[in-house]
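Have the sequence and the 3D view ready.

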Amino acid sequence: MKNSITIDAGVIRLVVNEDPKRGFEFNPQDIIFAESFYNMLDEFEAKQEEYLKRAKLLEDASEKDSRGTFKNTKARIKLLKEVCTYFRVQIDSIFGKGTSKVVFGTAMSLEMI
């Protein structure tokens, strides 16, 4: 084509563990992306206080059952799952639906996130 223009849209493609099927794109210069990202940071600061308070209460309860595990182990796991789910939803909201599945698969690991 004689009259053509090439525009660098600033899109970045990231691939997880060098697997081309596990890639996603975003544009860090896009105002909508930046706005979503910073809104998530503000929201997370408030959520973080809540999660830390709940975690502290669970950690302070050190009573163990007959197996030697904490009696509130299920509640501890439930909180970790809630935090992971929260982050997966936020990631999908910012980077696009399904991004958290592309990046993490079905794993629910706070360390990965």
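Is threonine 99 buried or exposed? Threonine 99 is buried, because its relative accessible area is 6%, and buried means under 20% with a 1.4 Å probe, protein chains only. This is a predicted model, where local features need pLDDT of at least 70 and side-chain atom pairs count only at pLDDT 80 or more, while totals for chains, interfaces and linings use all residues. Residues are numbered from 1 along each chain as its sequence is written, and side-chain values use heavy atoms, leaving out hydrogens and water.

Threonine 99 sits in helix α3 (helices are DSSP runs of H or I with at least four residues, strands are E runs of at least two, numbered from the N terminus).

| Residue | In contact with |
|---|---|
| Threonine 99 | Phe24, Ile91, Asp92 |
| Valine 103 | Val16, Arg22, Phe24 |

Now for the core. The largest nonpolar core has 17 residues, and Val103 is one of those touching the most other members, along with Phe44, Tyr51, Leu79, Val83, Tyr86 and Phe87. Elements giving two or more residues to this core are β2 (23-26), α1 (31-60), α2 (73-95) and α3 (99-104). Such a core is a set of buried Ala, Val, Leu, Ile, Met, Phe, Trp, Tyr and Cys residues joined through side-chain atoms within 4.5 Å. In soluble globular proteins, nonpolar side chains tend to be buried together.

Note on methods:
Buried means under 20% relative accessible area, exposed over 50%, partly exposed in between (1.4 Å probe, protein chains only). Contact means heavy atoms within 4.5 Å. Lists of a residue's contacts leave out its neighbours within four places in sequence.
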